[in-house]
Amino acid sequence: MRALKSKPAAGLHGELTVPGDKSISHRGIMLGAISEGTTTLTHFLTSADCLSTLAAFQQLGVPIERQGTTVNVHGVGLNGLKASSTPLDMGNSGTTTRLIMGLLSGQPFSTTLMGDASLSKRPMKRVSEPLATMGADITTTDGHLPVTIRGQQLHGVNYQLKVASAQVKSALILAALQANEPTTLTELLPTRDHTERMLTAFGGEITTADDGVTITVQPQPHLKGQSMTVPGDMSSAAFFMTAASLVPGSEITLKDVGLNHTRTGLLDILNAMGGKISVKSQPTNGEPIGDLTIQTAKLEPINIGKEQIPAVIDELPLVALLAAKADGVSRITGAEELRVKETDRISAIVSEFKKLGIAIEELPDGFVIDGRKPWYVVDPVLDAHDDHRIGMVLGIAALLVKTPLQLKGADSVRISYPEFFDDLDQLL
Ligand code: S3P
């Protein structure tokens, strides 16, 4: 049980560089592994999820060294991965699992993947079924982990995705690299495009049509190792953006944050709510980055629907918190994907926010929140539900009440942001 910091007298102040982006760190290892030559990743995210990816590729015969946040991946090429004699442990990481399913479905060996209790409840048919249309042979356990992938020669397909998911899209892209002809994928809505951008940087041929949702992948590329600095994770910066916006008297600067437009939904939402954020973009030849300065602001309520969800999917618990202090009723809908994250995040947010007396109503695909109702602590013992993002949002919520609160399962932050509580302390 962790004692959370309560309302700071003077707000949040100072400057912080958040750890590297989780999605980009995973992909850096994976693309580095199937490239020729060495890939050097600096500012790599050393959280439990990304270390699950690193260990899995070591087990697949890829030499990888890490010193702090610098990682060298000695690529073995698209045909150089080796069978693992034991099942690969995916830990808590959905991204590792789903992307590896795509990659290994075209390899000439079999692999079994397993994971922790939370990951073992998450849906895997959303990946195994579309991969099967390419000729993949994957057995799931009733749609879940453990799964066994028996590598096959894959063929190119023309496939319309059934969920707006970058993990599913990326699994299909990694499979398509190994097919015998090009593949065309059509997304329901644009989702994070790190795989597409990074694959291009590593020498792959992948194009997205002007509609933003039709992606064509050319097979059998010769990928070349790259050196890259991983941008700060927008999804980690988001906790402090929210805290500084809500805690009176705050002004903070977050340095070198990734500003890829498929990830900046929270920035757009905060701006629309009346947030005070200034963005200083920096020139790069890869993923866009910039410094963000955030000051406390009086916020208006907001309505968010399906189209806006992908760019803010991981920040929706924070949108709920912003709404809980806004001057009116906010509605968030079209977010049913939250129910299949590390925990059912709709139900977790509703039950934990109710402990703080927040006027929140659960919808099948989101929530309605009245920010005008005063909060009152009903139960001071909060629960992270073994979910890193729920744990962190509750750590921020605690800054908005005077009553001391406690958090069960605070160590779940190790999944994406092990230094979260230390970094928060630095700003207090
Ligand atoms: C991720 C995609 C998203 C996101 C997850 C990371 C990725 O999941 O929630 O944290 O790196 O591709 P979905 O693709 O399931 O929406």
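**A close look at Asp-314**

Modeller: Start with the neighbours. Asp-314 touches Arg-192, Ser-235, Lys-341, Arg-345 and Arg-389, leaving aside residues up to four places away in sequence. Keep in mind that this is a predicted model. One of those neighbours deserves a second glance. The side chains of Asp-314 and Arg-192 are joined by a polar contact of 3.2 Å.

Now place the residue. Asp-314 sits in a loop, between β18 (303–304) and α9 (316–323). Its relative accessible area is 11%. Buried means under 20%, so Asp-314 counts as buried. There is also a record to mention. In UniProt, an unreviewed entry carries the annotation "active site", and it covers Asp-314.

Compare two other positions. Ser-25 belongs to helix α1, residues 22–33. Its relative accessible area is 0%, so Ser-25 is buried. Ser-25 touches Gly-20, Leu-41, Phe-44, Leu-45, Cys-50 and Val-230, again not counting residues up to four places away in sequence. Ala-117 is in a loop, between β7 (110–114) and α4 (125–132). Here the relative accessible area is 61%, so Ala-117 is exposed. Ala-117 and Gln-282 are 165 residues apart along the chain, and their C-alpha atoms are separated by 41 Å.

Next, the rings. A search of the whole structure finds five aromatic pairs. Take Phe-239 and Phe-420. Their ring centres are 5.7 Å apart and their planes stand at 70°, so this pair is edge-to-face. Phe-239 lies in helix α7 (residues 234–246), while Phe-420 lies in helix α12 (residues 420–427). The pair therefore ties together parts that are 181 residues apart in sequence. Phe-239 and Phe-420 are both buried.

Phe-420 has another partner. Phe-420 and Phe-421 form an edge-to-face aromatic pair, with 5.0 Å from centre to centre and 70° between the planes. Phe-421 is buried, as is Phe-420.

Last, look for charges over rings. The charged end of Arg-2 sits over the ring of Phe-421, 4.0 Å from the ring centre. Elsewhere, the charged end of Lys-325 sits over the ring of Trp-375, 4.2 Å from that ring's centre.

Terms used:
Residues numbered from 1 in each chain as written. Predicted model: local features only at pLDDT ≥ 70, side-chain atom pairs only at ≥ 80, totals over all residues. Heavy atoms only, no water. Helix = DSSP H or I, 4+ residues; strand = E, 2+ residues; numbered from the N terminus. Buried < 20%, exposed > 50% of the residue type's maximum accessible area, 1.4 Å probe, protein only. Contact = heavy atoms within 4.5 Å. UniProt positions renumbered as here; feature names shortened; annotations may be inferred. Polar contact = N/O pair within 3.5 Å; in protein donor to acceptor, adjacent residues only side chain to side chain. Phe/Tyr/Trp six-rings, centres within 6.5 Å; stacked < 30°, edge-to-face > 60°. Lys NZ or Arg CZ within 6 Å of the ring centre and 35° of its normal.
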